[in-house]
Amino acid sequence: MCGIVGYVGRKNCTDILIDALSKLEYRGYDSAGIAVFEKGSISVEKAQGKLSNLCSKMENGHKPVGKVGIGHTRWATHGEPSDINSHPHGNKRVTIVHNGIIENYKQIKEFLEEQGYSFVSQTDTETLAKLLDYYYDGDPVETIAKTLAEVEGSYALGIMFRDFPDRIFAARKDSPLIIGVGKDENFIASDVPAILKYTRDYYLLEQDEIAVIRENDIQICDLHKKPIRKELQTATWDVDAAEKGGYEHFMLKEINEQPVAIRTTIAPRIADGMPSLEECGLTAEELMRFRRIFIVACGTAMHAGMVGKYIIERLARVEVTVDIASEFRYRNPILTAEDLVILISQSGETADTKAALMLARENGAKTLSVVNVKGSSIARESDYVIYTHAGPEISVASTKAYTVQLSVMYLLAFELAYANGKITEEECRQHIASLQQIPELVTETLECEKDCQMVASKLMNAESLLYIGRGLDYALSMEGSLKLKEISYIHSESYAAGELKHGTISLVTDAMPVIAVATQMDLYDKTVSNIKEVKARGANVVLICKKSAEVDPEAADYVIRIPDVEDLMTPILAAVPLQLIAYYTSVLKGCDVDKPRNLAKSVTVE
Ligand code: M6R
């Protein structure tokens, strides 16, 4: 978590740093700060809370003027959110911004205290800044290398040395960092959207690399000062993609971008009406050889994996186990070379998912990642990668990343089922044709927005909610429930509808609304029976079902309908009303939709 940026060029950098940070606020918003070379010294401004607090503070106080600087937006790990714990940290000689965690910071701190250093913050970062100062010998790269050799943990660093006012320094290990390459100006950033407005060209800084960035020069070396040459990358993301484009919130914009995102994700993976995943290096023959599949991910991405399990097992008859990454990495899973471990991650930087990937590799399993951010750590460390093409997802609550992940799950299921001989070519073509219709049907589903807004107005005062469903509807309801609690702060649980009467139904009263997803027609009557059971206990029920489903007026208080489509494909469509209900509940409650409390988009700590 945390976002870092840096600028070296000919323009006044304060506004550029602030603008770049505003694109990274999704990584944390507990505080923000900048450091700028101003009249021969390093001028630091920082403030607790969102970036807007820092901006107001500078407007009413001091706004540094200079052409070289670094910036930070924080998701607190060590030390509460406060002005004093905000980055940048350091002293008049060395100032840094940091994304990651210094695990041995206590030992470093003790050592430095013995050397006469004192500390003002509770952060791990301040110890690193002061260790740099301790080792500083007039050669910044030497100093950085010597310091990092003492440090355990993860970091992406932006560093300024007072004696070198024409440059910034960067280093990384286990936290992402790119170097943006402009004309007479260069940048550093945790993620591409921060620099898109200024340049599309960038270098990916790799593990244990150090960079020296000047206006017209970028030098990269390893920890032994051995120079490294790199291939320039070009971002394909649209500049507007990182802006709100007229929508009130990124989340609403991203919900509406789903038809395009899905189309862009599936189109290159369909050739002549059949699935074609060979671009990721995984042939149908190779896919067939796996005895078992593990899907490992966190949060929304794990929920996409749950849907993946249902459809892969149903169609391809291959055993699929879905694991939460933070559990998988510590449960000593039984893995062999005959297993395929699929890692799903929007950011490609989630610490637990990355650790699960490394564990899978160590145990000889093959790894396939489904990732949205090009060049991210998980993508680079996997044997095979399928990139989703959702474009940048800024809202902390994941929406379009989820539905594109689902699209890839379908492609995988079709490819595997066909390769295994579980479906015929004709059936496979039919499935692909259904998937190709999905973008259009998502557009049609978006028409339920007003209904969702109305439903949200009925739910907004609830203290707790239940989401229920069976089969694929149950897998989807997990995501609906997460979306609601994440952004509206209303407690909710997703439950397999048939399991309710084994305990949970005792919670149901007229104060607990129930959102029932019933799109699986073979299970429809059974789900309706479960709905009637909760209705009989006073619950207000919102039913999400297909357009043509017959609805008993006794069964639901509000009905939201999705277009008719074959049962297998409903999760992508039914996800839309669930996202919109969560969105409008959050809006009506006056919550910060795009930046829910205590959260960050990219969870790079375990
Ligand atoms: O970047 P990732 O997909 O690996 O992130 C995983 C989760 O942190 C993420 O999906 C999270 O649950 C979402 N914010 C939920 O909306």
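Which atom of the ligand is 2.6 Å from an N or O atom in the side chain of E486? In this predicted model, the ligand places an oxygen atom at that distance from the E486 side chain.

## Ligand surroundings

The ligand is surrounded by 14 residues. S345, Q346, S347, T350 and E486 are the closest of these.

A polar backbone atom of Q346 is 2.6 Å from an oxygen atom of the ligand. For V396, a polar backbone atom is 2.8 Å from a nitrogen atom of the ligand.

## Domain layout

The domain assignment divides the chain into domain 1 (3-242), domain 2 (250-444) and domain 3 (447-589). The contact between domain 2 and domain 3 draws on 32 residues from domain 2 and 30 residues from domain 3. Taken over C-alpha atoms, the centres of domain 2 and domain 3 are 25 Å apart.

## Interface of domain 2 and domain 3

The size of an interface is often expressed as the accessible area lost when the parts come together. Between domain 2 and domain 3, about 2700 Å² is buried, and carbon and sulfur atoms account for 70% of it.

One kind of link across this interface is the salt bridge, of which the rule finds 1 between domain 2 and domain 3. The side chains of E444 and K547 also form a salt bridge, with an N to O distance of 2.9 Å. Polar contacts across the interface of domain 2 and domain 3 amount to 10 residue pairs, with both residues at pLDDT 80 or more.

On the side of domain 2 that touches domain 3, at least two residues come from each of helix 6 (250-256), helix 7 (258-266), helix 9 (299-316), helix 13 (400-419) and helix 14 (425-445). Helix 9 contributes the most, with 9 residues. By residue class, this side of domain 2 consists of 19 nonpolar, 11 polar and 2 charged residues.

## Salt bridges in the whole structure

Over the whole structure, the search finds 39 salt bridges.

Notes. Residues are numbered from 1 along each chain as its sequence is written. Side-chain values use heavy atoms; hydrogens and water are left out. Domain bounds come from an automatic or database domain assignment. Contact means heavy atoms within 4.5 Å. Buried area is the accessible area (1.4 Å probe) that two parts lose on being put together, summed over both. A salt bridge is a side-chain nitrogen of Lys or Arg within 4 Å of a carboxyl oxygen of Asp or Glu. A polar contact is a pair of N or O atoms within 3.5 Å; within protein, one must be able to donate a hydrogen and the other to accept it, and residues adjacent in sequence count only if both atoms are side-chain atoms. Helices (H or I, at least four residues) and strands (E, at least two) are DSSP runs, numbered from the N terminus. Ala, Val, Leu, Ile, Met, Phe, Trp, Tyr, Cys and Pro count as nonpolar, Asp, Glu, Lys and Arg as charged, and the others, Gly among them, as polar. A residue is near a molecule or strand if one of its heavy atoms lies within 4 Å of it.
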